Amino acid sequence: MKRTALSLIAAATALAAVTGFAALTAPDGGAAEAAAPTRLPVERTSLLCPVPSSSEVAETVYTSYTPAGKDAPAGGQGAAGKGGAGKAADKAELLPSTVTLVETDPKKAADAAKKPAPGKATVTLTKPGTPVTAEVNGAAAPALVGHATGALAPGWTTQQTTVVPAGGARGLLGVACTAPDTDFWFPAASTAKERQDYVHLTNPDDTAAVADVELYGPGGKLKSQLTEGIAVPARSSVPVLLSTLTAEAPTADVTAHVTTRTGRVGAVLRAADDKIGSDWLPASADPAPTAVLPGIPADASSVRLVAYAPGDDDAELKVKFVGASGTITPAGGESLTVKSGMTAALDLPNLTRGEAGALLLTSADPKRQTPIVAALRVVRGKGAKQEVGFVQATAPVAARGTAADNRAAGSTLSLTAPGETAQVKVTASAGSGGGASVSKTVTVKGGTTTSFVAPVPSGLKGSYALTIEPVSGGPVHAARVLALPKDGIPMFTIQTITDDRGTVEVPAARQDLSVLDD
């Protein structure tokens, strides 16, 4: 007889790499002996980039990057390769999808057309540690759908940056391409006449998805004109104008909730204001009783908080500003009541007083922890020279997070430690066209925000990525502000930095799972 070892551990870790969950069962039907779990690098990551702009004068740059480091799987030892399951190829690319135009009027639905996606916007990354860029101009740029495998999967990120120099959608629009999911919250959306808010739904899979978009205003849920879900064809993107979803009066402050009935999508919202420009609004962090919104610029001329309580209870929130000198209560903006199922807003004039910082929302009653979602509308400049950006509530960076597309000038990092003092390692990657990576360690005092000009690689050519890694201490919330002023307009965009989830926890087993084979 000979003994053939079955690689059940490899199968379980491969499952965990895709789903985040796996379990082992012994051959006799009993559970395998428990052992301490371990973390392994993921071997597959998906990203979706929305259609950049509808403007013919738009100029878009994609920057794709995977950090170099210990998380990169090697020799078949990744989460889907350990134990003989096979090493995934090192590959990362974003390919054009089809843009499907949606008409919410049933009489016109038959006339909805598909625009074929041009193939020239492909972004291909070949190695960790050095970003690559691709450019595309005009309104014909498609949404992108892509995957990274092998050593390029852990921490893979792509930044989409668009400059629209003129027109109703003018501005600097930045967004980190998103992973597919089934549930998204967008506070700070709007159906007002001066706003054109499109939620972009992108399907990465080979089968169709069906999504629902619900809108909630200050009086509760807005009646929808859609009786059926929104179909998102396979490997396609669907932009939906929020104001067409309801016949109710235009509403300045709205929370949009995107869910899927079948399949999964990437979702992000593009907001354009006739007077103050446009930018992307990413989804808020999952509902929680505490929210941190980092990256408010020191020179913000206007900050508006929008929050929504999705549960059955009202939320009584304390509002605090975490700046360089400490945590304070804004004058006239000490609290906010958010009724269940309703959207609430609060203007915060003179919030920063010259200090970059973050907004901290906590429950006014420690015994009543009501989950909320939240976002900020931030304006810089005055009069006709104003520009808008958005900040969504974001979770702390657990292990590592990256903001791609930084320039030789214009990038500012904002690190907020709402609790204990923390140390963070900041790494500027090599440039897309050359240059050497540099790193520094930053200490963020508890209850403060540290904002500073981002480090630049030595001998930089092209653009580069910034990666932050907590070293010690309490949780850190992070954001990158990219400023590219043009014609006297302080164009800017804010991207919060979330954990890249480059590793996944997988179970271990001590029991011998081999079987006898004749």
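Trainee: What makes T63 part of a strand?
Mentor: T63 lies in strand β4, residues 59-65. Strands are DSSP runs of E with at least two residues, helices are runs of H or I with at least four, and both are numbered from the N terminus. This is a predicted model, where local features need pLDDT of at least 70, side-chain atom pairs count only at pLDDT 80 or more, and totals for chains, interfaces and linings use all residues. Residues are numbered from 1 along each chain as its sequence is written, and side-chain values use heavy atoms, with hydrogens and water left out.

Trainee: Why is T63 called buried?
Mentor: Buried means under 20% relative accessible area, exposed over 50%, and partly exposed in between (1.4 Å probe, protein chains only). T63 has 0%, so T63 is buried.

Trainee: Which residues is T63 in contact with?
Mentor: Contact means heavy atoms within 4.5 Å. Leaving aside neighbours within four places in sequence, the contacts of T63 include P131, T157, A404 and S463.

Trainee: How many residues does the largest nonpolar core have, and what makes it a core?
Mentor: A nonpolar core is a set of buried Ala, Val, Leu, Ile, Met, Phe, Trp, Tyr and Cys residues joined through side-chain atoms within 4.5 Å. The largest has 31 residues, and F186, V199, L201 and L242 touch the most other members. A second, separate core of 30 residues includes A309, L336, A344 and L346.

Trainee: How much of the chain counts as buried?
Mentor: Of its 518 residues, 51%.
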